Amino acid sequence: MSNARIGFGGGCHWCTEAVFNALRGVEQVSQGFIKSDPPHDSFSEAVLVDYKPAEIPLEVLIEVHLRTHSSTSNHKMRGKYRSAVYTFSNEQSAATQDALTKLQGAFDLKLVTQVLQHVAFRASDDQFANYQEKNADGPFCERYIDPKLDLLRDKYGDWIKAGASRAIPRRQA
């Protein structure tokens, strides 16, 4: 099976990029801004993920996404951080909706994550690409990215790229 592409938005794209870059089967993560059809046609922080479905199932990608951002909160920053899975076909939309329905049972609150068609992508400035890799010891990474990577290592260790778990920093208790 060939590579597939899907988009994820919900929190800071620097964080989201770091999470998906650590997963095996993920070939490339492009951070930036995605828009969909009206009324979701403003650009919102997100990433595009190119992955190998034979190596990592779509449902795992969606579950990781739901667990690494506030997927049950309709907080005031949802315009900038729209909680969404951006799809590229009707079949992908249906599979995503099925996965969200199945995963809802694992959450105490209702998921606010939407399934939206990808309409356009605008990449972040190059200086922000691979933010975690370039700024691993910085305060933003320590405060926001490292806890997500800790969760990834603890709950999804089987899905981390070979050798990546050593590269994922662990916060000091």
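So, which handedness does the crossing have where helix 1 passes helix 5? Hold that thought for a minute.

Quick housekeeping: this is a predicted model, so local features need pLDDT of at least 70 and side-chain atom pairs count only at pLDDT 80 or more, while totals for chains, interfaces and linings use all residues. Residues are numbered from 1 along each chain as its sequence is written, and side-chain values use heavy atoms, with hydrogens and water left out.

We have 6 strands in an open sheet, ordered 5-4-1-3-2-6, with mixed pairing. Strands here are DSSP runs of E with at least two residues, helices are runs of H or I with at least four, and both are numbered from the N terminus. Two strands pair if DSSP finds at least two bridges between them. At the edges sit strand 5 (114-117) and strand 6 (120-123), each pairing on one side only. On average, neighbouring strands of this sheet are turned by 35° against each other, direction ignored.

Look at strand 1 (residues 4-9) and strand 4 (residues 84-87): they run antiparallel, joined by 3 bridges. G7, for instance, has Y86 in strand 4 as its bridge partner.

Now, helix 2 (residues 58-67) packs on the sheet, touching strands 1, 2, 3 and 4, and its direction makes about 15° with that of strand 1. For angles, axes are lines fitted to C-alpha atoms, for helices over the stretch in contact, and the range is 0 to 180 degrees between N-to-C directions. Helix 3 (residues 90-104) also packs there, touching strands 1, 3, 4 and 5, at about 170° to strand 5. Contact, by the way, means heavy atoms within 4.5 Å.

Helix 2 is mostly covered, with 7 of its 10 residues buried; buried means under 20% relative accessible area, using a 1.4 Å probe and protein chains only. Among them are L58, I62 and H65.

Back to my opening question: helix 1 passes helix 5 in a right-handed crossing, meaning the near helix is turned clockwise from the far one by less than a right angle. Helix 1 (residues 13-21) and helix 5 (residues 139-155) pack at about 35°, axes 10 Å apart.

C15 is buried, at 4% relative accessible area, and C12 is buried at 15%. Searching the whole structure gives 0 disulfides.

Technical notes. Buried < 20%, exposed > 50% of the residue type's maximum accessible area, 1.4 Å probe, protein only. Disulfide = S-S within 2.5 Å.
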